[in-house]
Amino acid sequence: MERAEQMATNGESEADLRTEVVVVGGGLAGLSMACTLAAAGVPTVCVDRDSPATQTAGGFDLRTTALALCAQKVLEGAGAWAYMAGDAQPILDIRVVDQGSPLFVHYDHREVGNEPMGWVLDNLVIRRALFRRAAELPALTHLAPVRVSGLERTPAGATVRLADGRAIRARLVIGADGRPSLCRQSAGIAWNRQAYGQTAIICNIGHEFPHHGLAVEHFTPHGPFAVLPLTENRCSIVWSERDALAPLYMKLPDALFVAELQKRVGEFLGEIRLIGGRAAYPLWIMLADRLTDTRLALIGEAAHAIHPIAGQGLNLGMRDIAALAEVVVDQFRLGLDPGSPDTLARYHRWRWFDTMMLSATCDSLVHLFSTDLPPLRLARNLGLGAVNRMPGLKRFFMRHAMGMVGHLPRLVRGEPL
Ligand SMILES: Cc1cc2nc3c(=O)[nH]c(=O)nc-3n(C[C@H](O)[C@H](O)[C@H](O)COP(=O)(O)OP(=O)(O)OC[C@H]3O[C@@H](n4cnc5c(N)ncnc54)[C@H](O)[C@@H]3O)c2cc1C
């Protein structure tokens with residue numbers, strides 16, 4: 001069975017499909033997952049309600065993503081990295097500054113090896129590369145645009161119902177359908193959610209001086225303000241602002257908006273200008289109570305959403321993909337059931353601790369740095385100063401941010417699946 005097979009027998013409707021795995025949601029996480037499985041020969045159907053043309057239209061997603069080394073390895077394993085590498089800006093240095101304090105931490109990629117600490121790409125570039133890769137994989141059927149309207153799961157198998165009346169039979173459903181996840185809700189998996197009272201304003205800028213691959217993050221009491229290097233002498237801005245103020249900044253005419261940006265960016269890039277539009281994202285943390293249910297595994301934002309303070313949301317999702325792909329492919333190659341309770345339990349055990357730890361760490365950072373209380377301010381400044389003077393501790397943080405710690409899946413180690 002290469003691509004999903006049409007089922008015209010056994011009393012099933014002619015429109016029905018049968019496959020090993022259905023990935024619900026073909027966003028950044030879902031399509032990466034589907035490409036990874038299909039590249040390893042697992043027959044996979046990926047369904048998204050938006051067509052590739054919609055997802056790559058100007059204005060659909062103006063964000064950029066800082067991909068850590070672990071995520072780059074996953075995309076390489078999926079065969080998609082080659083299609084985006086030319087537009088990926090390496091991050092060579094990171095400077096973390098607490099606004100109003102002379103103390104900072106400077107991370108230099110050479111302290112942990114020759115690889116960059118990560119790459120920044122326009123989400124549009126990642127999406128295009130994934131669509132291109134998906135189209136060339138014989139084991140992948142990409143259905144878009146069509147909405148998934150329901151799921152039926154029993155120990156014997158799963159059926160995914162599409163809004164156009166078709167049904168897909170599979171042994172495993174992967175929920176990659178984002179925060180409001182139909183998959184998570186239909187399985188009755190509870191989730192905890194808390195708003196930060198902050199909104200991320202994002203946009204890209206052009207600038208006078210080169211960025212030299214430097215990413216800068218300023219912590220302010222209103223939220224973190226990040227400047228991430230992009231190709232073509234551009235930078236991406238992720239400006240977390242209090243909910244009450246963000247709409248006012250969003251409405252400013254371009255000239256005034258750029259003046260506000262320039263105040264926050266400072267002088268290291270010289271004069272800046274806006275490239276393209278801006279967009280706003282309300283920020284909250286969300287964690288599902290568990291990652292699996294009968295014949296269902298959750299990945300990406302269907303399972304966890306975090307503050308972009310450390311640029312780790314999709315990186316966490318990429319580690320889900322690496323672990324889930326490994327357990328599924330191992331079963332499939334042995335002729336065993338990739339949706340069995342044992343397989344799913346292995347995935348949950350592998351990913352739960354990392355998911356909890358990273359979510360909790362990012363959450364603590366947001367609370368620690370988004371405050372002006374003098375004792376906390378003193379504590380974090382002492383912390384920043386200390387980390388900067390302790391190379392061992394610095395290397396520890398850098399390896400964590402690169403996603404290269406813990407029990408690493410084969411893909412993250414750079415090995416074939
Ligand atoms: C401002 C900001 C900056 C960020 N920066 C970074 C960063 O630098 N680094 C990083 O690692 N992460 C970052 N993130 C996080 C990252 O953007 C997200 O983790 C990622 O986009 C989530 O992708 P996803 O595929 O899990 O979910 P989504 O992007 O929500 O995709 C879900 C998909 O499912 C589809 N879908 C939903 N329901 C259905 C249905 N019923 N039927 C069919 N299709 C359906 C949707 O159409 C969509 O395509 C940032 C986030 C924000 C808000």
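I'll start with a space in the fold: the second largest pocket holds about 320 Å³. On a 1 Å grid over the protein atoms alone, a pocket is an open set of points where a 1.4 Å probe fits, with protein on both sides within 12 Å along at least five of seven lines, and lining residues have an atom within 4 Å of a point. Grid points are joined across faces, edges and corners, and the volume is the space filled by probe spheres set on the points.

Before going on, the origin of the numbers. This is a predicted model, where local features need pLDDT of at least 70 and side-chain atom pairs count only at pLDDT 80 or more, while totals for chains, interfaces and linings use all residues. Residues are numbered from 1 along each chain as its sequence is written, and side-chain values use heavy atoms, with hydrogens and water left out.

Back to the second largest pocket. Its lining has 21 residues, and the closest to the centre are Leu 62, Asp 122, Leu 124, Asn 204 and Arg 234. Two or more lining residues come from each of α4 (123–135), β15 (191–207) and β19 (272–288). Helices (H or I, at least four residues) and strands (E, at least two) are DSSP runs numbered from the N terminus. The most is given by α4, with four residues. By type, the lining divides into seven nonpolar, seven polar and seven charged residues. Here Ala, Val, Leu, Ile, Met, Phe, Trp, Tyr, Cys and Pro count as nonpolar, Asp, Glu, Lys and Arg as charged, and the others, Gly among them, as polar.

Now the whole chain. There are 11 helices and 22 strands in it. The radius of gyration is 22 Å, close to the 22 Å from the globule rule for 417 residues, so the chain is as compact as a globular protein of that length. That radius is taken over C-alpha atoms, and the rule is 2.2 Å times the number of residues to the power 0.38. The C-alpha trace spans about 70 × 45 × 40 Å along its principal axes. Of the 417 residues, 56% are buried; buried means under 20% relative accessible area, exposed over 50%, and partly exposed in between, with a 1.4 Å probe and protein chains only. Among contacts (heavy atoms within 4.5 Å) with a separation of 6 or more, 72% join residues 24 or more positions apart.

Next, some single residues. Leu 92 sits in the loop between β6 (89–91) and β7 (93–98) and is partly exposed, with a relative accessible area of 28%. Leaving out residues up to four places away in sequence, Leu 92 touches Tyr 107, Asp 108, His 109, Pro 116, Met 117, His 212 and Gly 213.

One of those partners, His 212, has a positive phi of about 55° although it is not a glycine. His 212 is in the loop between β15 and β16 and counts as exposed, at 62% relative accessibility.

Asn 233 also has a positive phi, about 55°, and is not a glycine. Asn 233 lies in the loop between β17 (223–230) and β18 (234–242), and is partly exposed at 33%.

In strand β16 (residues 214–220) we find Glu 217. At 15% relative accessibility, Glu 217 counts as buried. Its contacts beyond four places in sequence include Arg 95, Phe 225 and Ile 309.

Last, the backbone at Pro 145: a cis peptide bond joins Ala 144 to Pro 145, with omega about 10°. Pro 145 is in the loop between β10 (140–143) and β11 (148–154).
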